[in-house]
Structure formats: structure tokens, C-alpha cells
Amino acid sequence: MIILTIETSCDETSICVVDGKKIISHYTFSQVEGHKKYGGVVPEIASRLHSEKIAGIIKKLNIKKIDLIGFTRGPGLKGSLLVGKIAALTLSNYFQAPLYGINHLEGHLLSVEIEDDEIKNKLKFPLVALIVSGGHTELWYVEDYGKYKLIGRTLDDACGEAFDKVAKVCGMGYPGGPVIEKFALKNKDFISLFTVPEVKNSLNYSFSGIKTQVAYYVKKLKKLDYKEKIKISYSFQDAVSKSLLNKLKIAVERYQVKNIVVCGGVSANNYLRSLIANTFNGFNLFFPQRKYTSDNAAMIAVVMLRMIEKGLNYNNIEIDPDLQIS
Ligand code: KG4
Ligand code: ZN
């Protein structure tokens, strides 16, 4: 069975073809260069770049046969999602292949099941998942494939967005996550400048306050030099990672799980990974392989496979920029 999937929810145009459990083609065009000078994703530019690139990617894949098609129907940027949907609909009509609408965040969750371009069955349930990306910061309790409950979320900025904004304030480039991680690695004194963000009495997060803490700190500086950038990067990464960890700890205790997933773009961060790994010694910890942490169509293909195995039917193909889990 050949499955083709399309992911265009934000700033990556990605298409994947899976034969059985094997990923036979996977191509992702990253729009980072197009958004760099703005320090964040510009929705109009994103949809224009998707529509410019998607036909070329499809052509490159040289597809002869497709049995099923899946595309990301949300959450994400409306214009970007729409480009993916139109491409998916066109292919669906051409190949007479049924079309399915997939939740991007479920894709991130299941991205941990991709190993060496092979989709393997390895998640253990029940589990708690921490999804950390440029658009989302959510905690889920997961009973099984398709059985998700949202138990915590950011009340303002997503944590990846905070990484991007802090890098912008410090003139360090875009995307902020990788560059902040790189600067933080050069830190030697381990003194944290910022307080750990905390939303009391809930499993929710907030990252707008730490952004302000950084902005004030920068404003008071005489000069934002290389050494200061290192200090800020380390302190910011430390505070955000501890904030993520704190609620994850409460969720794991509250839901009595032994299995934990940490996924999404920010899960590429080594400091966050080791903090979590050191805390949850003896637990089953699932992180995606690094190449599958950011947005990609392979993770959408995993959702398609599990949908088939579990008899789920994701046949709603309406795009929904604010799509939640049910
Ligand atoms: O999941 P993703 O590719 O796209 C969304 O669905 O949003 O996540 C992108 C986010 C960006 O905000 C980026 O700065 C962040 O992930 N990111 C990182 C790292 N690599 C990417 N954040 C922290 N450390 C990293 N190494
Ligand atoms: Zn994403």
C-alpha cells in the first residue's frame, strides 16, 4: 500500500511517500531563508512559498501510484494549510485515492515512531506527551492511538516562539532555538539571570513573562556583546527548560504513567533532553530522531498508518487553523 502525505502547516513544504512501513521518498523544503530577515514566520510569504515549491517537489518524487493520501488539516496557518489541501485534493482526484485530514500535533506525537526511515511500532501506553514547537506548547494524556486528552497548554506564547523572539531581541538570527542552544553551550559560570516561568495551580505554561525579563535585561545593558549573549542564552534556555520540566513532572505523577513523549521542534534541544532524561531515570522516554523533530510529512504518514491499524477514520478534510485534539 502506497501512502502519500503532505505537510504545509507552517514554513516547511514537505511530502512523503511510504510503501508499507518504509519511507521510500521524503522531501522537505524549509522556508527559513524567506523568513529570516523578519525574525519569524510571515504568513503571506509562507503560503506564497508553499505554492511556488509544492508542484516541483511532487514532480521530483516521480510518483506512479498512490493508494491513500493524507494532508495536515490543522492546526497551522490558514493560507499554508490551504495550499497543502489543494495539492492533496488534486492528487486525490488524479490517482483516485481517498483523502484524509490529519492533525499536525498528532503527527509530532507519533514522530517518535520513525526510526532510520522505517515506521516502527514502539510507543507504550498510557503516556504523557509534552509537545513543544514554534506554535504550540501542550501536555497531553494519551491512553492509546487516537485517544488524546489535553491536560495543559501555554496561555500565551509557545516556547519555540519565545526562543525565536529572544534571539530576535538579541540580534542573534532566526530560528532562535538552534542559535540560542549554540551560544548557551559556551557558557561557563552557570548563573541564571532569569526566574523560571510558572503558572500556579495548573498544568499550564506561560512564556511571555520571560520574554519581557530578557527584553528588560537587554535594555539595561551598556553593550550587548558576545559574552552577554552567552549569558542570556544559557539563562533563558535553563529557565524555559525547567519550566517545561516542572509541569511535566506534575503531569507524570498525577496520571501515574511510566511512558513519556517529548516532541516538536524544541525537543531537538539537548539541554532540555538531558534535563528530562536525568529526571525520569527508569521511565520509558521517547524523543523523535533529530531529523524528525521539526515539521515533516513523514510524521503525517505515521498517523495514517496508525489510523488504518486502529480503524480510525480521519475523513474530515476541512482545514482548521485552530484544530484541537479530541
Ligand atoms: O515543530 P516546529 O518545526 O514547527 C512548528 O510546528 O512550530 O518547531 C519550530 C520551533 C522554532 O521556534 C525553533 O526555534 C524551535 O522549534 N527549535 C528549537 C531548537 N531547534 C528548533 N528550540 C530550542 N532548541 C533547539 N535546538
Ligand atoms: Zn510543528
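**View 1. Asp 164 and its neighbours around ligand 1 in the predicted model.** A polar side-chain atom of Asp 164 is placed 2.7 Å from an oxygen atom of ligand 1, a polar contact being a pair of N or O atoms within 3.5 Å, where within protein one must be able to donate a hydrogen and the other to accept it, and residues adjacent in sequence count only if both atoms are side-chain atoms. A polar backbone atom of Gly 134 lies 2.8 Å from an oxygen atom of ligand 1, and an N or O atom in the side chain of His 104 is 3.3 Å from an oxygen atom of this ligand. Ligand 1 has 20 residues around it, of which Gly 134, Asp 164, Gly 177, Glu 181 and Gly 265 come nearest; a residue is near a molecule if one of its heavy atoms lies within 4 Å of it. This is a predicted model, in which local features need pLDDT of at least 70 and side-chain atom pairs count only at pLDDT 80 or more, while totals for chains, interfaces and linings use all residues. Residues are numbered from 1 along each chain as its sequence is written, chains are lettered from A and ligands numbered from 1 in the order in which they are written, and side-chain values use heavy atoms, with hydrogens and water left out.

**View 2. The site of the zinc ion (ligand 2).** His 104 (NE2), His 108 (NE2) and Asp 295 (OD) are the protein donors of the zinc ion, at 2.0 to 2.1 Å from it, where donors are N, O and S atoms within 2.8 Å of the metal (3.2 Å for Na, K and Ca), and sites may look incomplete because water is not among the atoms. Along the chain these donors follow the spacing H-x3-H-x186-D. His 104 in helix α4 (residues 104–110) and Asp 295 in the loop between β12 (284–286) and α10 (298–310) link distant parts of the chain, 191 residues apart; helices (H or I, at least four residues) and strands (E, at least two) are DSSP runs, numbered from the N terminus. Both His 104 and Asp 295 are buried, a class that means under 20% relative accessible area, with exposed over 50% and partly exposed in between (1.4 Å probe, protein chains only).

**View 3. The aromatic pair of Phe 163 and Phe 236.** The rings of Phe 163 and Phe 236 are edge-to-face, 4.9 Å centre to centre with 85 degrees between the planes; rings of Phe, Tyr and Trp (its six-membered ring) pair if their centres lie within 6.5 Å, and planes under 30 degrees apart count as stacked, over 60 as edge-to-face and the rest as tilted. Because Phe 163 belongs to helix α5 (residues 159–169) and Phe 236 to helix α8 (residues 226–254), the pair ties together parts that are 73 residues apart in sequence. Phe 163 and Phe 236 are both buried.

**View 4. Glu 113 and its polar contacts.** Glu 113 is located in the loop between α4 and β6 (114–115) and, with 0% relative accessibility, counts as buried. Its side chain makes a polar contact of 2.7 Å with the side chain of Arg 306, and the side chain of Glu 113 also reaches the backbone nitrogen of Leu 123 at 3.4 Å.
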